[in-house]
Amino acid sequence: MVKYFCNSTDIRSTWDHVVSAFWQRYPNPFSTHVLTEDVVYREVTADHRLLSRRLLMKTNRLPRWAEHFFPSGMSRSVYIIEDSIVDPVNRSLTTYTWNLNHTTLMSVEERCVFQDSLEQPASTQLKREAWISSSIYGFSRPIQEFGLARFKSNQVKAMKGLEYALSNLQGETPQRLLRDTVKDASEKAKEAAKTLASATVPQKPQQYV
Amino acid sequence: LFYLYYLFIYFSMNSVGEACTDLKREYDQCFNRWFAEKFLKGDRNGDPCTETFRKYQRCVQKAIKDKDIPIDGVEFMGPNKDKPES
């Protein structure tokens, strides 16, 4: 039994920025479960599209009740393939991601299409679809529900990670987790500056491509 | 003494091949620059990263074999073939 899941969101960045950030979204504060990242294939086609394959290794976090049913020697790592096509002429990025191993336990496939938003200016529409299935007889339902819940949680993390990468790219203050730390640090710095007699020199914010 | 505008700690990902991480980072830097400045802007004047990519691939493909990662022969976007158009 396959569970199908789809949604659509708008990202408040241009398509060019989103696609550039797509390659730079690891590591980020929300991706601690992603241990390694490698481009293992890349090709520019005759019609100027970029085909890429990325191999990711993630930790496999199973709830206790699920660990029970699997051999203790089973690899704690999940290998994931992310194939993608960047079409700069039609301004679309299509990605297809699926796990290479642990497929008996659970197979998660996701297709994402990033295109210029038709509704919001300078925004990118993301259409996501996912297919989640488990072939373990008798345990399919709870495992699929778990898989779906983890997938949704990972999707949230993935979006936060992409937004993090986008804000770094655009030279803004890194958002979310770092924002409060930065505010505190900058407040403390201002305080320290006021109490000293020496002249202060404002530092130019670093620019990141 | 100076104002702190923001704090940015730069981290990098590791390669699945421990020995390949430096080569990976070198390639990634080259690619990210080429991608944003040339590829997306329609500049088709060739890819300055082929050499660094080759070195990186030599290393990482060996690591993939050594670790028995079952990626060989997996068709590009294979599972997408049986899915309806979105």
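## Helix pair in chain B

In this predicted model, helix H1 (residues 21-39) of chain B and helix H2 (residues 50-66) of chain B have axes that come within 9 Å and cross at roughly 145°. Axes are lines fitted to C-alpha atoms over the stretch in contact, with angles running from 0 to 180 degrees between N-to-C directions; helices are DSSP runs (H or I) of at least four residues and strands (E) of at least two.

H1(B) contributes Leu23(B), Lys24(B), Glu26(B), Tyr27(B) and Cys30(B) to the contact (heavy atoms within 4.5 Å), and H2(B) contributes Thr52(B), Phe53(B), Lys55(B), Tyr56(B) and Cys59(B). By class, six of these residues are nonpolar, one is polar and three are charged.

Buried means under 20% relative accessible area with a 1.4 Å probe, counting protein chains only. Leaving aside residues up to four places away in sequence, Phe35(B) touches Val19(A), Ser20(A), Trp23(A), Leu50(A), Val86(A) and Leu40(B).

## Chain A

Chain A has four helices and seven strands, arranged along the sequence as β-α-β-β-α-β-β-β-β-α-α. Of its 209 residues, 50% count as buried.

## Basis of the values

Residues are numbered from 1 along each chain as its sequence is written, and chains are lettered from A in the order in which they are written. Local features need pLDDT of at least 70 and side-chain atom pairs pLDDT 80 or more, whereas totals for chains, interfaces and linings use all residues; side-chain values use heavy atoms, without hydrogens and water.

Definitions and conventions: Ala, Val, Leu, Ile, Met, Phe, Trp, Tyr, Cys and Pro count as nonpolar, Asp, Glu, Lys and Arg as charged, and the others, Gly among them, as polar.
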